Amino acid sequence: MNTKEVAEVPGPVVPWPTGKPFHILALSGGGFRGLYTATVLKHLEAQLGAPLASKFDLICGTSAGGLLALGLAAEIPAADLQAMFQEHGGRIFNSRSGLRRLLGGLRMAKHSADGLRAVLQEKFGELTIGNLKHRVLIPTVNYSKGSGQFFKTPHAPQFSQDHVQTLVDAGLATAAAPTYFPLHQIGEEGVFADGGLVGNSPGLFGLHEAHYVLQVPHGPGCARVLAIGTMTLGATKRGASGLDWGILNWGASLFDLVISAQEQSVDSMLKHLLANDYVRIDDLATPDQSRDIAKLDLVTPQAIEVLTTRGTQAARRALGDPGFDPFRRHVAATPVFFHGPNKT
């Protein structure tokens with residue numbers, strides 16, 4: 001693939017029209033806490049009365065957010081995407097073998113990818129990135145070459161190969177969280193790990209794509225980002241846990257810390273870069289609720305209740321916020337695709 005490096009020199013795309021704002025939807029990763037994101041999306045879509053993809057010029061998503069981004073771009077109703085998490089979370093996060101339960105997280109991933117693959121196949125079928133009618137950017141990490149790789153629709157001439165990749169493969173690649181799921185191999189393209197390792201909150205990637213690939217001008221009102229989090233818990237160290245940690249001490253908490261720190265850093269940078277053109281929907285869990293959603297793979301009735309009720313209230317708050325009004329009014333322009341079945 002020649003579509004991947006974020007710093008890629010843009011091809012000869014048509015410059016974005018002056019005065020037309022470019023709207024980006026950025027969906028963070030967070031394992032089963034993606035149910036919070038999906039709940040927010042369901043309520044936003046219901047109130048806007050149109051597929052959410054029609055309101056955004058680029059949809060970015062990492063890990064669980066990547067699954068949601070692909071689903072929205074395929075115009076799967078957001079309510080169905082919420083159901084994918086709420087009703088099938090137990091299938092996705094299920095080790096299914098005594099050996100995995102015994103060794104999970106130490107010598108092998110805690111969960112087989114079989115459940116996630118089955119759920120994605122049921123939802124996406126044989127759809128490819130080229131079948132999508134809305135622009136997407138899905139971060140992942142190509143572990144075969146040791147760098148970030150980004151699955152994209154063919155919205156620039158140089159993005160000539162991703163359109164053949166299935167949504168199932170792209171989803172399994174961006175969601176291959178270390179210690180939680182196995183790495184995912186895509187033919188001769190390489191072995192992939194979770195996109196959260198390079199950009200758990202993908203709004204900054206989306207903004208870069210807008211300015212340097214699609215040639216959206218800089219300046220107030222030119223590009224706006226709506227970011228939706230996953231009630232990401234700030235990964236912190238307990239005072240009694242000591243300082244001299246090895247592999248067993250770090251365990252899955254190392255990955256949790258990576259995505260938590262990235263989330264906060266990107267949020268700060270986007271606030272500085274965009275000011276009022278940046279809106280973030282997220283919530284801090286209360287101490288009691290933190291116990292219910294503490295782990296990325298915790299699927300319980302208590303977790304479902306916390307994530308859906310807080311997501312519902314977050315959507316209600318956003319819909320009443322004047323800062324959300326530009327996203328409410330926006331209608332995305334029909335994208336130009338240079339390759340694949342939707343080539344224009």
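How close do the axes of helix 1 and helix 2 come, and at roughly what angle do they cross?

## Helix 1 and helix 2

In this predicted model, the axes of helix 1 (residues 34-48) and helix 2 (residues 64-73) come within 9 Å and cross at roughly 25 degrees. Axes here are lines fitted to C-alpha atoms, for helices over the stretch in contact, with angles from 0 to 180 degrees between N-to-C directions. The two helices are therefore roughly parallel to each other (angles under 35 degrees).

Where do they meet? Gly34, Thr37, Ala38, Leu41 and Glu45 of helix 1 touch Ala64, Leu68 and Leu72 of helix 2, with contact taken as heavy atoms within 4.5 Å. The residues of this contact divide into five nonpolar, two polar and one charged; Ala and Leu count as nonpolar, Glu as charged, and Gly among the polar ones.

## A buried helix

Now to helix 6 (residues 167-174): eight of its eight residues are buried, so helix 6 is largely enclosed by the rest of the structure. Buried means under 20% relative accessible area (1.4 Å probe, protein chains only). Among them are Leu167, Asp169 and Thr174.

## The whole chain

The protein chain has 13 helices and eight strands, which are DSSP runs (H or I, at least four residues, for helices; E, at least two, for strands). Of its 344 residues, 53% count as buried.

## Confidence and conventions

The chain averages a pLDDT of 88, and 86% of the residues score at least 70; pLDDT is the predictor's confidence in each residue, from 0 to 100.

Residues are numbered from 1 along each chain as its sequence is written, and side-chain values use heavy atoms, leaving out hydrogens and water. Local features need pLDDT of at least 70 and side-chain atom pairs count only at pLDDT 80 or more, while totals for chains, interfaces and linings use all residues.

Methods: Parallel < 35°, antiparallel > 145°, perpendicular 65-115°, else oblique. Buried < 20%, exposed > 50% of the residue type's maximum accessible area, 1.4 Å probe, protein only.
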